[in-house]
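Dear colleague,

I am handing over the structure below, and I would be glad if you kept it open while reading. My notes on what was found in it follow.

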Amino acid sequence: MRQLFLLAILAAGLAGCSSTEGVNPELRKWLSQDDDVSDFSAEFEALSQSGAPALIVAVEDREQTAVFLRRVRRDGVENWISADEVSLDFRSGFLVGSRGLGGDLMTAEVAQSRALVLSGRAGTAKRFHSYLGGEDQVEIRTYVCEIASRGARDVDLGKRVVATRLMQERCQGADQSFQNLYWVDPGRGEIVQSRQWAGAEIGPLASRQVLR
């Protein structure tokens, strides 16, 4: 199953260990031995030294995995960057924007889905995505989503195992469909792991919290 494949990618990223110099020692174990610190942006280095929260993110269709560090939180949206300055925006764990991946998700309105998923309730929600199309025109796409619980799941975050509720979101648009998965910690009301569709060109992104 594809979700098992993406989790294997994440596991490979988590297992990578390196003697990389110049970054926070706690972060080194999440980096590949092939990572060259000289290629890291100054901002990424500074964030790593400061102990900024980290995510492991896999671009499933491209078989690419990277560490993302939280740059800023503003108006409920968290902005995360990779060493090569790709950025992702999350609101309460929901992907609402990307930059630097090509075919990027400019914005997403996910309030209805977020309310159902975080509360563990089944139901129907609408979500709206905007993408930059030809001639720099913004294209708005609307999806109707069915949300349901798939039961309890344990997620191993390395330093501790979290008991989560796996929530499924199946979405249908005019000519596109996708499925998102969210592993929600009911006690904290937060998403510790997810698989979320970023768009036709990017495909699904898998993310997992890093406990440092």
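Which residue does a disulfide join to Cys-145? The partner is Cys-171, with 2.1 Å from S to S, where a disulfide is taken to be a pair of cysteine sulfur atoms within 2.5 Å. Cys-145 lies in strand 8 and Cys-171 in strand 9, so the link ties together parts that are 26 residues apart in sequence. The angle about the S-S bond is 110°, and the link of Cys-145 and Cys-171 is right-handed. Both Cys-145 and Cys-171 are buried, a word used here for under 20% relative accessible area, with exposed for over 50% and partly exposed for what lies in between (1.4 Å probe, protein chains only). A search of the whole structure finds one disulfide.

Before going further, please note that this is a predicted model, in which local features need pLDDT of at least 70 and side-chain atom pairs count only at pLDDT 80 or more, while totals for chains, interfaces and linings use all residues. Residues are numbered from 1 along each chain as its sequence is written, and side-chain values use heavy atoms, with hydrogens and water left out.

As for the chain in general, its secondary structure comes to four helices and 12 strands, which are DSSP runs numbered from the N terminus (helices H or I, at least four residues; strands E, at least two). Of its 212 residues, 47% count as buried. Among contacts (heavy atoms within 4.5 Å) between residues at least 6 apart in sequence, 41% join residues at least 24 apart.

Helix 4, residues 111-119, has Ser-113, Leu-116 and Val-117 as its buried residues. These cover an arc of only 95° around the axis, which puts them on the same side of helix 4; the arc is that of the directions from the helix axis to the C-beta atoms. What covers these buried residues includes strand 5 (94-99), strand 7 (123-132), strand 8 (138-156), strand 9 (161-172) and strand 10 (177-185). After helix 4 comes Gly-120, with a positive phi near 75°.

Two residues other than glycine also deserve a look. Glu-63, in the loop between strand 1 (54-59) and strand 2 (64-74), has a positive phi near 55°, and at 59% relative accessibility Glu-63 counts as exposed. Ser-92, in the loop between strand 4 (87-91) and strand 5, likewise has a positive phi near 55°, whereas its relative accessible area of 41% makes Ser-92 partly exposed.

With kind regards
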